[in-house]
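Have the sequence and the model open as you read.

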Amino acid sequence: MKKSKLFIDKISFTISIKSISQKRHISRTLSTNDFVFPRFIKKKYIGGIIKSYYDTWQVLFNNGEPREFSVYLSFNPKVKTQSFLRIELNPNLAGSSGIETVMKYLELLIGKKEVGVIYSSAKVTLLHITLDVYNQQRFYYAHLPGVIISKMKWCHKLPISQDIGRSPLRLVIYDKNNEQLVKNIQTENSYYSWWRYEFNLHRHLVGCSIMEIRTHVSNPFLRLSLYIDDFLEDPYFTPQFIVQVKESGLNTAIYQLADEPMKRRYKHRLQQYKRDWMMPEKVWDTWPEALKLLKKFRL
C-alpha cells in the first residue's frame, strides 16, 4: 500500500465588491466575447449551479503543460450579506502556472488592487483536503464520530464509494480507477487499486483567509476510523445491520440501531476490526507542502 502526499483539489473563496460600477464591469466582462486572453480557451454561462448565487460562468484555461482546468466565477448572491463574487477552482489541476494565469485574469475582471489582497483578505468557503491511496488490498468501511448520515455506492457487486456527513464536514472515499473508466479518461496509472480520500471542509470549518489556512484548519484525518470488511461475516451483528451497512455505510447503520446500549455494544465489537494503517499524524506532515501552492494567490 502506498499513500500520496496531501493535496488540495478544490478551493473556493469570496471577494467583497462594493462599487456598483465594478459589479457592472464584472458582468460585462464575463458576458463579452471580444477580448483575447493568454491560455484562455472558452467560457460558458451555467446559471445558478452554485445555490447561493444567481449567476455562474465556467471559464476554461490551459495551464501550459498541456492540461485544461476550469474556474467557476459566481456573482449576484441571493443573500445580501454574502460577498458579491465567489471563485472556485482545483489548484492541484491548475498548478503554479495555472494559478498565475487566473490571477492575471482576475486583474482584468476586478482590478489589480482587489487581486492584491486575495491571499490575505478573501474568505475561504470550501476546501477539499485530499489523499490518494494506491494498491489498497482490502476494502475498509469508514466512520466519523458524531455523524449520522452516510451513503454507499456499488458497481458490479463491488463498493466504489462512501459518502459520510455533509456541511460543514464531509468525507468522500471513492474508487478513482473506476471514475477514470466511467469518464473515459486515459491515465498512466499502473496501480491495480486507487482510492481517493477527500475531506470537504465548508465555511464554518474554514472561515479564514488563504493565508490563515495553516493555523485555522486542523487535521480531519484524526477523526477517521477504518474497519476491515471482515466484520460483515461476524454472526454477532444482525443480518439487518449488515444489510444496512452495505446499503448506507457504518454511520447510518449505527445511527439506526434500536437503542443506545446496542449502539455501544456494536461499536465495541467493531474495535476488533479497526485498522490504523492511515497514520493521520504522518499524513498531516505533508500538509505544509500542499499549502505552498496556494502562495501563488499572493501578488
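Met279 is partly exposed, at a relative accessible area of 39% (partly exposed lies between buried, under 20% relative accessible area, and exposed, over 50%, with a 1.4 Å probe and protein chains only). This is a predicted model, in which local features need pLDDT of at least 70, side-chain atom pairs count only at pLDDT 80 or more, and totals for chains, interfaces and linings use all residues. Residues are numbered from 1 along each chain as its sequence is written, and side-chain values use heavy atoms, with hydrogens and water left out.

Met279 sits in the loop between strand 14 (274–275) and helix 10 (280–284); helices (H or I, at least four residues) and strands (E, at least two) are DSSP runs numbered from the N terminus. Most residues other than glycine have a negative phi, and most peptide bonds are trans.

| Residue | Phi |
|---|---|
| Met279 | near 50° |
| Lys157 | about 65° |

Lys157 belongs to the loop between strand 9 (150–155) and strand 10, and is exposed, with a relative accessible area of 79%. The peptide bond from Ser167 to Pro168 is cis, with omega near 10°.

Now for the sheet: three strands form an open one in the order 8-13-14, paired antiparallel. Strand 8 (140–143) and strand 14 are its edges, each pairing on one side only; two strands pair if DSSP finds at least two bridges between them. Strand 8 and strand 13 (residues 225–228) are joined by four bridges, and Ser225 in strand 13 is the bridge partner of His143.
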